[in-house]
Amino acid sequence: MSIKSPITLDAKYLAPNLTAEMVAERSVQVSACARNLREARCAGAEFTGWLSPAEILTSDENSRLNAKIAQLRKETDMLVVIGIGGSYLGSRAVIEALSDCPEQVVYAGQNISADYATKLIKQLSGKRVAINVISKSGTTTEPAVAFRLLKQLVPADKQSEWIVATTDANKGSLLKLAREMGCATFVVPDTIGGRYSVLSAVGLLPIGYAGVDIKALVQGAAECAKLCAGSDDPLKNPALFYAAARNVLYHQGYSTELLANFEPRLHTLAEWWKQLFGESEGKQNIGLFPAAVDFTTDLHSMGQYVQEGRRNLIESFVIIDGGEPDLTVPAWDVDADGMNYLAGKPISWVNQMAYEATAAAHRDGGVPNLTIHLAELSAASLGALMYMFEYACGVSCLMQGVNPFNQPGVEAYKLNMFKLLGKPGYEGGIAAVEAVEVKF
């Protein structure tokens with residue numbers, strides 16, 4: 001069974017665990033959840049501003065954004081994106097998938113490693129450095145510490161021009177600091193949570209700096225939005241089919257979904273996908289655990305477990321069907337490695353055969369899998385894919401009865417960390433646990 005659309009889903013290897021009839025049985029629930037999402041009649045309805053990608057930026061903000069991107073690309077050598085979670089994962093996913101010069105953008109504030117920060121400062125030494133610090137409040141520990149460390153890399157007389165804050169429109173410490181410094185500011189929309197924010201200024205400024213066509217990215221997402229809104233039938237809508245399939249398999253007892261690719265430049269897309277589904281769906285002690293593998297690399301490490309380990313896995317492949325570099329396997333006069341049977345074959349074809357062999361083997365091994373096909377990897381197709389995942393995630397969460405847009409569990413570690421760090425207003429120790437003494 002295939003669903004024809006700008007993004008094609010091949011679901012033949014989901015059977016017999018999942019069939020079209022099983023998806024059709026979920027159609028009433030899926031359709032209701034999709035309508036409630038689009039009409040903002042659901043939990044977290046105030047955070048559905050991402051549903052219309054072409055309307056996220058106003059005309060004025062779009063013009064200012066493009067002008068700032070052009071200025072920074074002309075005047076600086078590198079951009080540091082300071083942010084954590086949704087503040088950086090979306091832009092990094094797009095940049096590493098599409099940019100010809102992804103090394104021009106580096107990342108900070110996604111960890112608290114002294115070693116990482118030290119090496120990053122050394123890497124940036126002697127460069128003309130721009131900074132895009134992204135935080136709704138400006139007080140999140142990881143980005144705030146990173147900004148303190150890296151702000152010094154921008155000359156004092158250039159800070160108002162080369163430092164950009166993407167933050168709340170009306171309040172917060174970062175907005176106040178940016179105004180005091182005279183820096184340009186862009187908005188983290190009140191109606192869009194971080195993990196859904198890649199098509200706002202949060203993601204578009206770094207993506208544009210890396211030379212990716214942000215207009216095409218947004219247009220691709222907008223076309224996918226029209227497709228998603230065009231039918232609430234899961235057998236005609238790829239996002240809804242994906243949401244329904246995950247739901248059916250979860251209720252059959254599967255607990256982990258692997259997102260698998262055969263292209264290294266999609267690695268960070270999988271990291272973004274993991275946050276999207278993990279932070280959206282992992283509540284009330286339910287939800288598929290999102291994990292990811294990079295094939296063929298991980299076929300020589302995790303492949304054994306996927307093939308013969310515990311049968312709690314489902315798998316979703318993201319495959320690029322065309323548009324790859326024209327590189328072929330060379331012929332050798334002496335066929336020492338026995339590879340001349342591949343001489344003249346495109347490397348992309350060899351990779352495609354590896355995917356087809358893997359999908360079939362994993363199905364035979366008891367892992368139901370589907371494949372998301374992109375005709376080629378472009379700004380438009382990637383925008384469409386990311387929107388499809390976002391829409392499917394929203395519907396999937398509503399099918400499970402959880403709010404797709406909050407993340408109450410994230411606050412638990414923060415509360416303990418603030419207490420241990422001695423942050424004012426968070427006095428007191430963390431809850432004690434009974435320890436088991438072990439001596440060696």
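This is a predicted model: local features need pLDDT of at least 70, side-chain atom pairs count only at pLDDT 80 or more; totals for chains, interfaces and linings use all residues.
Is Phe317 buried or exposed? Its relative accessibility is 0%, and because buried means under 20%, Phe317 counts as buried. If we leave aside its neighbours within four places in sequence, Phe317 is in contact with a list of residues that includes Ala260, Phe262, Phe295, Tyr355, His362 and Ile372. For Ala292, which is 25 residues from Phe317 in sequence, the separation in space is 9.9 Å, taken from C-alpha to C-alpha.

Turning to the ring pairs, the structure holds 16 aromatic pairs. One of them is formed by Tyr88 and Tyr107, a tilted pair with 5.9 Å from centre to centre and 50 degrees between the planes. This pair links distant parts of the chain, since Tyr88 belongs to the loop between β3 (78–82) and α4 (89–98), while Tyr107 belongs to strand β4 (residues 105–108), 19 residues apart. Tyr88 and Tyr107 are both buried.

Which residues do ring pairs link into a cluster? They are Trp50, Tyr196, Tyr387, Tyr391 and Phe405.

The charged end of Arg246 is placed over the ring of Tyr242, at 5.8 Å from its centre, and Lys12 lies over the face of Tyr13, with 5.0 Å to the ring centre.

Terms used. Residues are numbered from 1 along each chain as its sequence is written. Side-chain values use heavy atoms; hydrogens and water are left out. Buried means under 20% relative accessible area, exposed over 50%, partly exposed in between (1.4 Å probe, protein chains only). Contact means heavy atoms within 4.5 Å. Rings of Phe, Tyr and Trp (its six-membered ring) pair if their centres lie within 6.5 Å; planes under 30 degrees apart count as stacked, over 60 as edge-to-face and the rest as tilted. Helices (H or I, at least four residues) and strands (E, at least two) are DSSP runs, numbered from the N terminus. A charge sits over a ring if NZ of Lys or CZ of Arg is within 6 Å of the ring centre and within 35 degrees of the ring normal.
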